[in-house]
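This report describes selected features of one protein model. The sequence and structure are shown below.

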Amino acid sequence: MLNTFSTEQYADVLFILGVFDDESNAASAEYQRWYSNRRIPNPRTIVRTFSTLIGNRFTSECYNPERV
């Protein structure tokens, strides 16, 4: 069975990603600290979520927030 996150959890992930200036490793660790009772997304999941939301315009290797 495919495990997915709720809409609220995806929103929380993206909020924390913004707090940590798009550093997915730091965002994942902080998500775990804030929401220790939830399933924790890995950094790749965070990058994919962001990429999907903005229409796959960027990948983790070429993301440049100044171009947004």
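## Loop between helix 1 and helix 2

Asp-22 is partly exposed, because its relative accessibility is 27% (buried means under 20% relative accessible area, exposed over 50%, and partly exposed in between, with a 1.4 Å probe and protein chains only). Asp-22 lies in the loop between helix 1 and helix 2 (helices are DSSP runs of H or I with at least four residues, numbered from the N terminus). Its phi is positive, at about 65°, although Asp-22 is not a glycine.

Asp-21 is found in the loop between helix 1 and helix 2 and has a positive phi of about 50°, although it is not a glycine. Asp-21 is exposed, with a relative accessible area of 62%. Most residues other than glycine have a negative phi.

## Basis of the model

This is a predicted model, in which local features need pLDDT of at least 70 and side-chain atom pairs count only at pLDDT 80 or more, while totals for chains, interfaces and linings use all residues. Residues are numbered from 1 along each chain as its sequence is written, and side-chain values use heavy atoms, with hydrogens and water left out.

## Helix 1 and helix 3

The axes of helix 1 (residues 7-19) and helix 3 (residues 43-53) come within 10 Å and cross at roughly 100°; axes are lines fitted to C-alpha atoms, for helices over the stretch in contact, and angles run from 0 to 180 degrees between N-to-C directions. Helix 1 and helix 3 are therefore roughly perpendicular to each other (65 to 115 degrees).

Tyr-10, Val-13, Leu-14 and Leu-17 of helix 1 meet Ile-46, Thr-49, Phe-50 and Leu-53 of helix 3, where contact means heavy atoms within 4.5 Å.

Definitions and conventions: Helices (H or I, at least four residues) and strands (E, at least two) are DSSP runs, numbered from the N terminus. Angles under 35 degrees count as roughly parallel, over 145 as roughly antiparallel, 65 to 115 as roughly perpendicular and the rest as oblique.
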